[in-house]
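Reader: I'd like to learn how to read a few features of a model, one at a time. Could you walk me through them?

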Amino acid sequence: MATLNRPNRLTLNAFSDANRAGQQYSRFTNTLKNPILGAKGCQLVNANFINSSLQLNDENGQLMFFYYTSATQAGIRTLANLRCIRLLPSWFVPYAGFTAFTPNKYFNTGTELAAALTTSATAGGDSSTFNPIWVAGQVTFSFDTTTRRFSVAANGTNYIAPAAADDPFVIDQLLGTTTAANVIKMNAINSSNTYATATFQPFTQGMTMNARLGYSLSFFARGVFWGSSSQQGCATSSGVPSLSSSVPVPADSLPILLGVQNVGVYLSISTGGGMDAFRKNLIASIPIDAAPYSINSYTTNSVEVPSLSTPNEMYDVTVELLDDSGAPYLIPNSMNTQIGLALFY
């Protein structure tokens, strides 16, 4: 077999895909000038791409913080008592003249993020027209630079309790199952300044901002200080709704201000060689160890572990990138992605 059709290395670039279109991409295809024939396997050896995710991911629900509120402590967990404080995606472009929103951005510190959330929770920081379960002035956020934890405080009038990401009422709210008119939307430039024409805010079922800030308990979990006054669905270590404005509710764990932790790389030519919880064709899972908008460079240091399920003839290769939740890992079209492969015969 001619060596022309049996290279040992193959480099794929997003910029080499002439059909790549739109503002962002999560997949690209390279057509090979010469087909690869007779390969028995392939292995990812290096990858370079931009960490295009902010500390809170724009696309998968990490911009929405859910909590319950009520004038009474008992029976606080109802769908009618559910509230949401949110940020709008960093790429959001508002309808002309619309200013009632707080955008996601690069936050240098936890204190900056807490201030932005408090702004969003204050009059003018959001719109009850497009976020029907938002009520101004109910909560205040803070960040303790000593303990490195976030806290949320009530206003001294109503009790509050952070909600779990997998709470059935939170999922009901996101999907609009009970009340479709309460789904959270964005008054974007392509709307007609009405709720009916507004754009849905992106989300992933089972993922919210709560866990990113450290309120990580699941719906059925009980915190270490669970007691007789605790209520299931109040996702804190005590499970007890709080009324105090001077004693905030601290997060149960440290925050993870990392929009994406790992990026899965999937190849059209790895026809079953690897798989994860989402799909087949996995060639590698790459950890993010670069700051937002910096180059994330990865080189494998493992022993030779090729994917042994490859086509006998390869004329093109498609690369697809997914994040931890199985959603497309979106990279701006101005940023390149390079994938290096070793081929085995």
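Reader: Is threonine 118 buried or exposed?

Author: Gladly, and a word on the model comes before the reply: this is a predicted model, in which local features need pLDDT of at least 70 and side-chain atom pairs count only at pLDDT 80 or more, while totals for chains, interfaces and linings use all residues. Residues are numbered from 1 along each chain as its sequence is written, and side-chain values use heavy atoms, with hydrogens and water left out. As for the term, buried means under 20% relative accessible area, exposed over 50%, and partly exposed in between, with a 1.4 Å probe and protein chains only. Threonine 118 has a relative accessible area of 19%, so this residue counts as buried.

Reader: Where does threonine 118 sit, and what does it touch?

Author: Helices (H or I, at least four residues) and strands (E, at least two) are DSSP runs, numbered from the N terminus. Threonine 118 belongs to helix α1, residues 110-120. A contact means heavy atoms within 4.5 Å. Leaving aside residues up to four places away in sequence, threonine 118 touches Thr140 and Phe141.

Reader: Which residues of α1 are buried, and what covers them?

Author: The buried ones are Gly110, Leu113, Ala114, Ala116, Leu117, Thr118 and Ser120. Their cover includes β6 (82-86), β7, β8 and α3 (209-213).

Reader: How should I read the fold as a whole?

Author: Begin with the inventory: the protein has three helices and 18 strands. Its C-alpha atoms fill a box of roughly 80 × 50 × 40 Å along the principal axes. Of the 345 residues, 50% are buried. Then look at sequence separation: among contacts between residues at least 6 apart in sequence, 72% join residues at least 24 apart.

Reader: What does alanine 14 touch?

Author: Alanine 14 lies in the loop between β1 (9-13) and β2 (24-25), and it is buried at 0% relative accessibility. Beyond residues up to four places away in sequence, alanine 14 touches Arg20, Tyr25, Phe28, Asn336 and Thr337.

Reader: How do I read a positive phi?

Author: Most residues other than glycine have a negative phi. Here, arginine 148 has a phi near 65°; this residue lies in the loop between β7 (140-144) and β8 (149-153) and is partly exposed at 48% relative accessibility. Asparagine 193 also has a positive phi, of about 65°. Its place is the loop between β10 (185-186) and β11 (199-200), and with a relative accessible area of 39% asparagine 193 is partly exposed.

Reader: How many disulfides are there?

Author: A disulfide is a covalent bond between the sulfur atoms of two cysteines. The test used is a pair of cysteine sulfur atoms within 2.5 Å, and by this rule the count is zero. Cysteine 84, for instance, is in no disulfide: the nearest cysteine sulfur, that of cysteine 234, is 17 Å away. Cysteine 84 is buried, at 0% relative accessibility.

Reader: Which residues are closest to the centre of the largest pocket?

Author: First the terms. On a 1 Å grid over the protein atoms alone, a cavity is a set of points where a 1.4 Å probe fits but cannot get out, and a pocket is an open set with protein on both sides within 12 Å along at least five of seven lines; lining residues have an atom within 4 Å of a point. Grid points are joined across faces, edges and corners, and a volume is the space filled by probe spheres set on the points. The largest pocket holds about 340 Å³ of space. Of its 17 lining residues, Gln24, Asp58, Glu59, Trp91 and Leu330 are the closest to the centre.

Reader: And which residues line the largest cavity?

Author: They are Arg86, Leu88, Phe92, Phe98, Ala100, Phe101, Asp126, Phe130, Met186 and Asn187. The volume of this cavity is about 30 Å³.
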